[in-house]
Amino acid sequence: MSDGRWREAGGTLLRVISVWAVSTLTMLALAGILPDFQLQADDGDTVTRTAFTAAWGAGAFALLSALVWPVLVRALLIVPALVLGALVFFLNGSLLLIALWLIPDGRGDADPETAVVVAAVMSAVASATSTALAVRDDDAYRRRLSRLADRRRRRSGTRMADGGRGVPPGIVFVQLDGVGHDVLEQAAADGLMPTVAGLLSDEAGHRLTPWTTDWSSQTGASQLGILHGSNFDVPAFRWFEKETGTVMVSSRPASALELQRRAIARTHDGGLLTVDGASRGNLFSGGADQLALVLSMAARLGKGRRSRAGYFAYFSDPANAVRTALSFVAEVGREIGQSVRARVRKESPRVKRGGLYPFIRAFATVVERDVVVAAVIGDMFAGRTAVYADLVAYDEVAHHSGPFSRDAEKVLTRLDRSLGLILKIADHTPRGYRVVLLSDHGQSPGETFAGRYGLTLKDLVRAACGLPVPRRAQRTRSASEARDAVRIALHRPVAGEQEAEHPAKPSDPVVLASGNLGLLSFPDIEGRATREQLDRRYPALLGTLAAHPGIGFLLVRSRKHGSVVLGPGGAEVPVAELTDGEGPMAVFGPGAADAVRRTDGFPHVADVMVNSMYDPATGRVHAFEEQIGSHGGLGGEQSRPFLLWPRTLTDPLDAVAAEAPRGASPAGPVGIPAAGPVGAEAVHRVLARWLRELSGPQVPLRQEGFTGAVRLDEPFPGGPVASDVPVRADVPDPGDAVPGARG
């Protein structure tokens, strides 16, 4: 054995002894503090004997945690993820009781409740000590990670020349859900996001640019376009399909799977991540073989274990499990405190934040963040070519607290720390990585439509149609990927909204909301309803909506003039003649007219599309849901997300120009304004170009003698994970039958 190996082995042994010693001292301290926890015989023991008992108990607990905990978590993978998180304390306490039982002469004893507390404290202390010692020895840490990755590659039959650094670099795409370009830029300038500020410095060599979303400025449309190259026929976050009587909702697994299938059928391409890719925390797979917390996969029969494999990867480490569980509880308390403070101060605008929301927020800002970041780190250790991960924390908080609120700023700071961890890990991985940050949309602030005018869009529509309206305005359910992710984690069906969305009578309109974009459908009118049909049936409807101060414009089809846009003051402009900066489009910015024209051509565009008002002086809109930070339509920061990329890659504008398909319609999202790419499909072409620049043409290869199964997520620091899954199971054949979208 070389001198370097001896030093490394000696350093490892020293760290193990140090963690054991700290754990022993922690156990002794807890035995002195807690009355129901003892390490002595009933008649007392010497100090030496007590110390020996503590050392034995700490060692047994550490050994059980290392050997038994991963087995327990894997056995409980069928348990809902949030329930597993709650069981963390119980399981950890049970291991401690077993460790105390193993102490000779029965000198260790604790009540079950006390055992839970002792186990949690010891796991946290051991994790903190181990991390601190590893940080103090960066070289040893790097060598350990390299050896670990090399062992994984030998088991999987792959090789990397020169320790991995001689092969083309991989690329990690981190999506900061809902973070607008201006929000990110300001947060970096104000010191809230020092990691991002460092990337923007000349030394780091990254550049920041905005891009423009489609009319439907929400994760479903944007991420489908980014990952699969097409978001055609996605008019909103949710919409009604007359031919099946189905409400499609982007965050429902069955709907997400169907949207993914349609995109693949249209593009004849599996997606951005088809070759050696990993999809983490996304709505769609992007064609990746390696999946964790991918919503579209939750709908596939028999794939429940696969969709929750990322939870096992994280919770298999008891220290991670305890830390996340404690952070979860702290986040619930933080949200309750912030909500109470907002009510006491009578902050305005404000929405209700009670019920299950504190737990939904904690799931998005703690559990999903930790699990996704751990999965990304594992992918980097494994040397995967492309990783795409979505961090939803800011989007969830900004919906309820506001995009510029102090609450949202604190979330940005915590996300920045996660980004910093990913960038630091890149220095230790067996393969070099380029890290690209991006967002799928921004958020626009503003009081809700119901809060400002005292009635919901549905109430307004029913009143204009001469239908009964409830005396009290009923709350419109807020669209939330995190809310539906929680239901999936609990093994609860993503349902319950359709009862409210389907009309009581076939002749009643279906009114849906997607941020500040509303959709009206009339189920008993076959095909797309015309203006003339609606005027005959409901003479006051279109005029009432167009004249309302909370509404910016309507889109409806006319039998005489084709599709037209109606606005305040009797404005009426054929879609073919729409111009940015004029008429109803005057305040909505560059590209708005083209975005409306493109959506008008979708087969499932609603009978009437309703975009709220937008005040360019304040940037405010009125959401048709219970959100004071919203996205989904046109108006303000919601349509202006960002790309932050290394300067060594092609400029996005040049990439879009080079990759634009021949004969593409100018009404599609192919235009290139000075600011940046237009449309999620254009962003897909940019990211695909960068992948080819780094790794060459993306051609899927099947290994010789391949059996059709892969091992999902080889072990990495933070917990092993493995699951036999069918290869390419995430890319359904266009001819496959796909479950309906009823969640």
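E331 is buried, its relative accessible area being 1%, where buried stands for under 20% relative accessible area, exposed for over 50% and partly exposed for the range in between (1.4 Å probe, protein chains only). The model is a predicted one, in which local features need pLDDT of at least 70 and side-chain atom pairs count only at pLDDT 80 or more, while totals for chains, interfaces and linings use all residues. Residues are numbered from 1 along each chain as its sequence is written, and side-chain values use heavy atoms, with hydrogens and water left out.

The side chain of E331 meets that of R334 in a salt bridge, that is, a side-chain nitrogen of Lys or Arg within 4 Å of a carboxyl oxygen of Asp or Glu. Both residues lie in helix α13 (residues 318–344), 3 residues apart, or about one helical turn; helices (H or I, at least four residues) and strands (E, at least two) are DSSP runs, numbered from the N terminus. E331 and R334 also belong to a network of salt bridges that includes R341 and D407.

| Salt bridge | N to O |
|---|---|
| R334 and E331 | 2.1 Å |
| R341 and D407 | 3.1 Å |
| R280 and D379 | 2.5 Å |

R280 in strand β7 and D379 in helix α14 (residues 357–382) are 99 residues apart, and R280 is buried at 0% relative accessible area, as is D379 at 0%. R280 also stands opposite A389 in β9, since β7 (residues 277–280) and β9 pair in the parallel sense over 4 bridges, pairing requiring at least two DSSP bridges. In strand β9 (residues 386–391), 6 of 6 residues are buried.
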